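Biologist: I would like to go through this entry term by term. Please give the value behind each label, and the cut-off where one is needed.

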Amino acid sequence: MTVTNPLCQDTVTVDLSIKEGVIQDCRTDGEACAICTASASIMATRILHLSTEQAIELAATIRDAMTSPEPADLGDLNDLLDIRQYPMRVKCVTLPWHAMVGALGQTL
């Protein structure tokens, strides 16, 4: 699944390998800013060996935390929350997660 942010033209492609409902491999590619690229890398590592449902739930949690006035604790992903202080960059963090969910045939 390839997604593009129309405001800045960041583009991320996510390819998943799934076996018995569990993500076995996640590969990302594209042309994007450092924040988007870092988020894609973090995502690719973090979703390995999660069920597809767990991966979608995690993506929704990330999205909600990035847009909520009082975000949930993201545990090992809390560093992503620092971007919230730059509202124009929130999409940079969430774009790869949207691509991953889209690769699973869902939307956030």
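Biologist: How many positive and negative side chains does the protein have, and how far apart do the centres of the two sets lie?

Modeller: The model is predicted. The protein has 7 positive and 14 negative side chains, with the centres of the two sets 2 Å apart. Lys and Arg count as positive, Asp and Glu as negative.

Biologist: What makes the protein as compact as a globular protein of that length?

Modeller: First, the make-up: three helices and three strands, in the order β-β-β-α-α-α along the sequence. The radius of gyration is 13 Å and the globule rule gives 13 Å for 108 residues, so the protein is as compact as a globular protein of that length. The C-alpha atoms fill a box of roughly 40 × 30 × 20 Å along the principal axes.

Biologist: How do you know what span is expected of helix α3?

Modeller: At 1.5 Å a residue, 20 Å is expected for the 14 residues of α3 (90-103). From first C-alpha to last, α3 reaches 21 Å, which is close to that value.

Biologist: Why is α3 called mostly covered?

Modeller: Buried means under 20% relative accessible area, and eleven of the 14 residues of α3 are buried, so α3 is mostly covered. Among them are Val 90, Leu 95, Trp 97 and Met 100. The cover includes strands β1 and β2 and helices α1 and α2. In the protein, buried residues make up 38% of the 108.

Biologist: What follows α3?

Modeller: Gly 105, with a positive phi near 80°.

Key. Residues numbered from 1 in each chain as written. Predicted model: local features only at pLDDT ≥ 70, side-chain atom pairs only at ≥ 80, totals over all residues. Heavy atoms only, no water. Helix = DSSP H or I, 4+ residues; strand = E, 2+ residues; numbered from the N terminus. Expected span 1.5 Å × (residues − 1). Buried < 20%, exposed > 50% of the residue type's maximum accessible area, 1.4 Å probe, protein only. Contact = heavy atoms within 4.5 Å. Rg over C-alpha atoms; globule rule 2.2 N^0.38 Å. Charge placed at Lys NZ, Arg CZ, Asp CG, Glu CD.
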